[in-house]
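Here are my notes for your first look through this one. Keep the viewer open and click along as you read.

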Amino acid sequence: MRVWAVANQKGGVGKTSSSVSLAGIAAAAGKRVLLIDIDAHGSLSAWFGINPDQIQLSVFDLFEQRASLNTSFLHKLIKKNVYPGVDLIPSAVVLATLERRAVGEGMGLVLKKSLALVEAHYDLVIIDCPPQLGVLLVNALAASDLTVVPVQTEYLAIQGLERMLNTLNMMQQSRGAALQHCVVPVMYDKRTQASVHSLRQIRMDYGAQVWPGKIPIDTRLRDASKAGVPIHSFAPQSRAAQAYAKLYKYLLSAQQSEAA
Ligand SMILES: Nc1ncnc2c1ncn2[C@@H]1O[C@H](COP(=O)(O)OP(=O)(O)OP(=O)(O)O)[C@@H](O)[C@H]1O
Ligand SMILES: [Mg+2]
């Protein structure tokens, strides 16, 4: 089972869109996929028509029940087949209270321990992270073997990227093990100078950490979220769908060559 965290401490950079797009492509390739929404705003859950204001059991309950987690409890939380081949652990608004409660409570490994319980059921887990550093993001990074860092191709995004890479570095030191990551340029608009220049800058500054491709700006992504399905099934010929399919293949092979 592979576990990918999609993370950037900057908001609105395409984390949720990337999580859903990659999940849809993996499922279409026959993989059993689990999506986890750890953002209290619940955009990922909402994409699949689940209202985080009304949810009964959510990722929050993993933290509440952390002393007595078991496989059957996990299966109660999991919404099956929100899209063919994709299951989802939804978020809930109450998740926003977790950061306050979690201080000094040693809650950093709840997600990792939870995923160990369903390891046999999934090929790929994708965790859609909130845009702040806190106990939830730390859980996601501790549970994952690859962090996908979407970064907007615009001037101000590079500062946010630096902050995220510092966080990864910190996590790596506390784990004492390598934490692989891949920077993914998104919302690329070849018609604007800002996009073209900042992509060049990102590649220059971060070299091999950056996926050689880019996700173009594509309004079909928003349309896909309204339709409640991943982009590759909503608009298979769209530039975004094709770019995400390339990214998916790259991430798989990058991870394989790292493991070899
Ligand atoms: N490649 C793209 N082209 C055009 N619009 C995009 C693209 N990717 C994402 N968007 C749009 O940008 C907005 C933010 O995207 P998304 O919700 O995926 O970001 P996020 O990083 O998860 O945000 P948050 O930090 O709030 O969780 C959404 O309206 C989404 O439809
Ligand atoms: Mg999001």
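1. Start with Arg100, which is found in helix H5 (residues 98–102); helices here are DSSP runs of H or I with at least four residues, strands are E runs of at least two, and both are numbered from the N terminus. Arg100 counts as exposed because its relative accessible area is 66%; the cut-offs are under 20% for buried, over 50% for exposed and partly exposed in between, with a 1.4 Å probe and protein chains only. Arg100 and Val135 sit 35 residues apart in sequence, and their C-alpha atoms are 9.4 Å apart in space.

2. Before you go on, some housekeeping. This is a predicted model, so local features need pLDDT of at least 70 and side-chain atom pairs count only at pLDDT 80 or more, while totals for chains, interfaces and linings use all residues. Residues are numbered from 1 along each chain as its sequence is written, chains are lettered from A and ligands numbered from 1 in the order in which they are written, and side-chain values use heavy atoms, leaving out hydrogens and water.

3. Is Ser45 buried or exposed? Ser45 counts as buried because its relative accessibility is 0%. You'll find Ser45 in helix H2 (residues 43–47). Its side chain makes a polar contact with the side chain of Asp37, at 2.7 Å. A polar contact is a pair of N or O atoms within 3.5 Å; within protein, one must be able to donate a hydrogen and the other to accept it, and residues adjacent in sequence count only if both atoms are side-chain atoms.

4. Asn81, in strand S3 (residues 79–83), has a phi near 50°, a positive value in a residue other than glycine. Met187 isn't a glycine either, and its phi is positive at about 55°. Met187 belongs to the loop between strand S7 (180–186) and helix H9 (193–206), and it is partly exposed because its relative accessibility is 31%.

5. Which residues come nearest to ligand 1? Of the 16 around it, they are Gly12, Lys15, Thr16, Ser17 and Asp218; being near takes a heavy atom within 4 Å. Helix H1 (15–28) and helix H10 (220–227) each supply at least two residues of this shell, and H1 gives the most, with three.

6. Finally, check the backbone around the ligand. A polar backbone atom of Gly12 is 2.9 Å from an oxygen atom of ligand 1, and one of Gly14 is also 2.9 Å from a ligand oxygen. For Asp218, a backbone N or O atom lies 2.8 Å from a nitrogen atom of ligand 1.
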